[in-house]
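Please look through the structure below before reading on. The numbered points that follow are meant for a colleague who is meeting it for the first time.

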Amino acid sequence: MDFLFNLLPHLVNGIALGLLFALIALGFMLIIGVMEVINLAHGSLFALGAYMALVIVTPEGGLDAPFLEPWFGIGIIPRYIAALVIAPVIVGVFGMGLELCLRRTYGKDPLYGLLLTFGAALVIEEGIRIIWGHGEYVLPVPKGIRGGFIFADLIWSYYRFFAAAFSIVMIGALWCFIEKTPYGAIIKAGAHDNEMVRALGINLPKLRLFVFAIGTALAAIAGIIMAPIWGIRPQVGVDAVVPAFVIIVLGGIGSFWGAVIAGLMVGMIVGLTAAYYSDWSLLSMYLLLLAVVTFRARGLMGKVSVLER
Amino acid sequence: MRHMIAITSNWFTPQMLVAFAIFGTLPLWLEGVGLYSYIGLEVLIWIIFALGFNLLLGYTGLPSFGHGAFLGIGGYAMGWFQINVAPNLWLGLLFAIAITALFGAAVALFISHRRGIYFALLTLAFGQVFFFVASKWTTLTGGEDGMLNIARLPADFGFVSFSLQHNYALYYFTFAVFVVTVLVLWRLVNSPFGKVIKAIKQNEMRVGFLGYNVYFFKWAVFTISCAVTGLAGGLFAMAQEGAYVQVMSLQWSGIIVLMTLIGGGFVSFWGALIGTVVYYLARDILGTFTETWLLWYGLMFMLVVMFKPEGIAGMWQDGVAYLNRRRGAGIPPVAVEPARE
Amino acid sequence: MALFEAQGLHKRFGDHVVLEEINLAFEEHKLSGIMGPNGAGKTTCFNVLTGRYKPDRGRVVFDGIDITGKSPGAIAKMGISRSFQVMNVFDEYTALDNVLLAVPEVRRRGLHILYDLTNDTQSNDKAEQILAKVGLVGKERVLASDLSYGERRALEIGIALAAEPRILFLDEPTAGLGTEATAKLADMVDRIKEGVTIVIIEHEMNFLFRISDVINVIQWGQVVAVGTPDELRANPWVQASNLGKLA
């Protein structure tokens, strides 16, 4: 009983991770749904989001000029909030750039689109390495959510609670956006039937740009929130795209809550592994991917999913 | 009417002889153009790796994003055999081939019924798992430091023995391996087997409906590709005199994809060779100007995928076709299958 | 007993029942047609018959052997071949190579590494004859992607035919063809008819009525009428239901 009790903080960690994974997966899924493109660069954009936040929040990110000192002098909370707003926007712009590049591959063998996003992932990662180097950075966060506290003889992390809460808010906001706004309705329609959307006079290219922007911005936000948990390194990108893929295979493309639930499952597995074999927690994700794809036949629907073409 | 299928049934082709001539004489002119002996050796080994890899990507259309792991396995196998069983060049290389092929066959069992993104991500996951295990299993592989002191064993034919210590000596041995590999792979892709895997790339479903066991063909291609990769891995371990884990990382697995595609692996046997050479030229020439050369190489890759996925070999073929059209202007144009060079 | 039979096929996708209770019998050496409006379940039926889908209930029997649920590859080896409505040719191969791939001798040698296909005159001859039969003489060395739509259609059928099947399934072969091309197709089907049992799913009524020996009408996932073209023309139900608006 004691043993289970001690697991509780790790469960919270797992939930926080899971919600963040779900956020990444939802952005990933939006893009697949509307464009039928598997964005392998999603992870690198996740990483880029973290780096952009680093730049905004601390001079260590590279903006070392004296005239910027006043900016870094103001309290960390406004800087952090600014990062949470500006960094996803910047990454969203990169996302739109990627969509423009992908246009040449539409209609061709999906292998080319796959290779292109793979190349983009490598390019972004290499770009990050060139600008910020190989080392690991730490993203400063506001005092209120830093550190831990003791409750019921267990050590808990403030940050994980913050991460979980923030993710819930973001997921809720995304859901409202998709379900309640006209833009969201268009995205749902576009995911369902490209032809119909075009026939309705909706500008398909603009829709695609928009979806890419939103999807990648979500990845960036997840990257910022994840930064204190995983650290900011160039290779963190690949580790982000794998759970996204596992989640949509488990939850099915097109299922919003399926992604959330699958995300929680994946997060729990990774989080609990981290409790015992911290080295192996990332590996557990890859093993999970192998298990899930090997044993789960095709998506959920029985028809050939876009992933199999 | 005489049938003229474009499968080249020749054992040798002009391109092959040119390649043999260039690489056979490399030690004679390499330093003259300002390069150094080791790079010739490394390029040739990676060409062998790329040729094996292109069987999967260019011919069968299967994107393997974790192939660097197999190169690493080949290297470790060679080193382990040397140190723990016998310092015999032939047996060591055979062992490297066998072990890598075995790993490849095992992985292929899991993934051969897939294609596209599923296939790619599975190979990526396997690659990462192998990379992780190799990094952590320090007693076997030496972990992050690598397996050191792998010797360049002599090529012992019984009645005569050649030392492969010197870069050029090992280079000529590698060249011999290269020639054999090219001959074998060329026969393979021009055989009925090759025809089927090319068809699988174009339309896997139809091939299945025609009664072929597609799963088996994909499994076989993957295993063969890994066997060749293992051979390259063993040679690489000798060249470096060590087996290191970095080559198993995602970055290196990615680079072989970039190399092969830019070179034109999708449309040409020699695309893999061209791509490898171009990569090393980019690294050593661009690299002297800027540290960001890999970024530019990656961007070039993206441009190639967007505008000319047939790569350099594809551009070459276009050029040849254009010249042919201009030369034979009186002949009505009939599209013929470009002989896969 | 008929060469190929479907007994009590039932197939649903999720909540949607597509095939209710399908019973079909295709006699050897006859050309059987399957017709019905869109959404009637023709394509699903076809896919079940040719092994692409497994039925939820029912059996598919070929030459007395139960082939229900067997993979398309296994079924192909037994002598059942099909063409596709959405063209499934090998674009990077010549017309000859496309067809050559299907020839049984070539397939049997699929694993050969040293065998030289250019010297296999027997297989090459067979492939050429197929191309002649489907009307593609002179196009042997043309890339499939460079053929016209009608020629690709012919090639599509040629590939299925080259497998030397005992029964050949054609999926909406007139799709996308104009009147003249359809007439040519009808001629082609007449040419390839001998020695092969053919089953055709079609939309194009005139075409089907002209070439079929017997026609099955599928509606709402069931076979609602079976008969020769003449019998069906006289069938009041068929007349009344607008299924046969014949010239």
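**Notes on the structure**

1. Leaving aside neighbours within four places in sequence, A:Leu20 is in contact with A:Ala163, A:Ser167, A:Ala222, A:Ile225 and A:Met226, where contact asks for C-beta atoms, placed from the backbone, to lie within 7 Å. The model is a predicted one, in which local features need pLDDT of at least 70 and side-chain atom pairs count only at pLDDT 80 or more, whereas totals for chains, interfaces and linings use all residues. Residues are numbered from 1 along each chain as its sequence is written, while chains are lettered from A and ligands numbered from 1 in the order in which they are written.

2. A:Leu20 is also among the residues with the most contacts inside the largest nonpolar core, together with A:Ile24, A:Ala25, A:Ala53, A:Ile247 and A:Leu289, and this core has 290 residues. Such a core is a set of buried Ala, Val, Leu, Ile, Met, Phe, Trp, Tyr and Cys residues joined through C-beta atoms within 7 Å. Helix H2 of chain A, residues 8-35, gives the most to this core, with 18 residues; helices (H or I, at least four residues) and strands (E, at least two) are DSSP runs, numbered from the N terminus.

3. Helix H7 (residues 158-180) and helix H10 (residues 204-230) of chain A have axes that come within 10 Å and cross at roughly 170°, the axes being lines fitted to C-alpha atoms, for helices over the stretch in contact, with angles from 0 to 180 degrees between N-to-C directions. H7(A) and H10(A) are therefore roughly antiparallel to each other (under 35 degrees counts as roughly parallel, over 145 as roughly antiparallel, 65 to 115 as roughly perpendicular and the rest as oblique). On H7(A) the contact is made by A:Tyr159, A:Ala163, A:Phe166, A:Ser167 and A:Met170, and on H10(A) by A:Ile221, A:Ile225, A:Pro228 and A:Ile229. These residues divide into eight nonpolar, one polar and no charged, with Ala, Val, Leu, Ile, Met, Phe, Trp, Tyr, Cys and Pro counted as nonpolar, Asp, Glu, Lys and Arg as charged, and the others, Gly among them, as polar.

4. In chain B, the axes of helix H3 (residues 37-59) and helix H11 (residues 250-263) come within 10 Å and cross at roughly 80°, which makes H3(B) roughly perpendicular to H11(B). Among the residues making this contact are B:Phe49 and B:Phe53 of H3(B) and B:Ile256 and B:Val257 of H11(B).

5. Where chains B and A touch, the contact takes 32 residues from chain B and 31 residues from chain A. On the side of chain B, H6(B) gives the most, with eleven residues, and by class that side has 25 nonpolar, six polar and one charged residues.

6. A:Phe118 lies in helix H6 of chain A, residues 110-132. Is A:Phe118 buried or exposed? A:Phe118 is buried, with 26 other C-beta atoms within 10 Å (20 or more make a residue buried, 12 or fewer exposed, and in between it is partly exposed, with C-beta atoms placed from the backbone). Not counting residues up to four places away in sequence, A:Phe118 touches A:Leu40, B:Phe65, B:Gly254 and B:Val257.

7. Chain C has ten helices and ten strands, and buried residues make up 46% of its 247 residues. Its C-alpha atoms fill a box of roughly 60 × 40 × 35 Å, taken along the principal axes.

How values were computed:
Contact = placed C-beta atoms within 7 Å.
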